[in-house]
Amino acid sequence: MPTIRVVRNLVVYLAISMGLRAHAGPPPSVDPSHTHGWLRSAQARLHELGITSVTYERRLIDNEDLLESDLPAAVAATLANLPDRPDWADHLRSRRLVDVDTLGILPVAVDVQGQTALVEYTEKPVSFISNAPVSKIKRKWGLNALAEEEGAPWDPHALASLDAALGLLTPTELDIITDLSSIVRSMVDPDPEDGAAGKYFGGGTDSLNHVEIYNSAFKGAEQVFVGPASAPMPSVTGTILHEFGHAFAARPARYLEARHMLAVEEFEERRLVQAARSHRLDRLRGQLNHMGSGTSFSSSSSYRKKRELYQREMEVYDNEHDALSRRSDVLHRQVELIEALGTPGPIVHTYARIPGVLEGPTEYGRTDAGESFAEAFAWWHEDPEGYRRAYPEAAAWFERGGHIAALKQALAAIDMLSR
Ligand SMILES: [Zn+2]
């Protein structure tokens, strides 16, 4: 296979030159071909990044009779254009969609960890298009609503991104997403300064509980992808998963707020009933006093009946008074917990205890613990293997359902407190 041969040459060439570069003469030449220039640039770039070992994985080979194609050049070009590794990270991720004349749009994935790069690519052209109509995607996942603004449609690319994101969720995670009042394709970023690609709006009321995906998420989306090269997904899938991560993390706070609002409503109703009861008791007391002032009436049956009624009502009143004061304590404890949960909430707190996670996993994830969790949530779903290579401990936490356990624990604590 000529394609493989050229790439294999690149491996050998790199392996030799990396080790010898400092004291070797000019690099050995590879067979002259159209890939030559890219191979040299790739080699130089890998050297700059301190990468001494490269592993290539070629997947999904459908066509054994490929011409000596531009694919190795595409791979080399991706390597040549690797971004700088941030100074805080040992890892580097690059996902490029490369347009190869003879083959179409091909995904090339590079994961750098320490001095090692794993390069994965396929010869299977990708196209991120969903032919299903909005209504079908909505029904398929049981979503409440897919809203769109003028100039921000749920077009086939956006729908493919959403479909892929939903397909990666576990049932518990999906429950939280189907609880969203809407997923909105939005034209306008309410805060263009922060350059957000999406946003989660959370709160106890349904109208507040929704995700917005902005047009800015689609900028440059034709050049990149997320996930492994063997299962590439649109980059907007990553944006959507990030927002789903926020919705997941906000679940305990939202659950508590919703319970609190219901409890306040119930409390107010009971208080009104109790106030009416108090009025009735006042009236009965007045009548009894009036009747009791004439001695001839105090032993009459109507007086006795009224007295019994008064006593029964008074008992209900006292019981309800105690119950209401207990409910009032619950309401106060709920308010205290709402303040204590705050942001980023118990799930993110648990995540944040994993050593090293808050330093990443991406530049944006370094903003705060909540963003770090959302980025990790997205990366782990998109590409569990890649995430595991960079963050083995956090990946193990997600894999054993650590985030779901933290969620369930928080909900149980809220239930306990709300009793
Ligand atoms: Zn975010």
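In the predicted model, His-91 lies opposite Gln-113 of strand E3. These residues belong to the pairing of strand E2 (residues 91–100) with E3, which runs in the antiparallel sense over 10 bridges. The two strands form a hairpin, with three residues between E2 and E3.

Strand E3 also pairs with strand E4 (residues 116–122), again in the antiparallel sense, here over six bridges. Within this pairing, Asp-111 stands opposite Leu-118 of E4. E3 and E4 likewise form a hairpin, in this case with two residues between them. Gly-114, in the turn of this hairpin, has a positive phi of about 60 degrees. Of the 10 residues of E3 (residues 104–113), seven are buried, so the strand is largely enclosed by the rest of the structure.

Two helices were examined as a pair. The axes of helix H4 (residues 134–141) and helix H5 (residues 156–167) come within 11 Å and cross at roughly 10 degrees. Because angles under 35 degrees count as roughly parallel, H4 is described as roughly parallel to H5. On the H4 side, the contact is made by Val-134, Ile-137 and Trp-141; H5 contributes Leu-159, Leu-162, Asp-163 and Leu-166. Six residues of the contact between H4 and H5 are nonpolar, none is polar and one is charged.

How values were computed
Residues numbered from 1 in each chain as written. Predicted model: local features only at pLDDT ≥ 70, side-chain atom pairs only at ≥ 80, totals over all residues. Axes fitted to C-alpha atoms, helices over the stretch in contact; angles between N-to-C directions. Helix = DSSP H or I, 4+ residues; strand = E, 2+ residues; numbered from the N terminus. Parallel < 35°, antiparallel > 145°, perpendicular 65-115°, else oblique. Contact = placed C-beta atoms within 7 Å. Nonpolar A, V, L, I, M, F, W, Y, C, P; charged D, E, K, R; others polar. Buried ≥ 20, exposed ≤ 12 C-beta atoms within 10 Å, placed from the backbone. Pairing = 2+ DSSP bridges.
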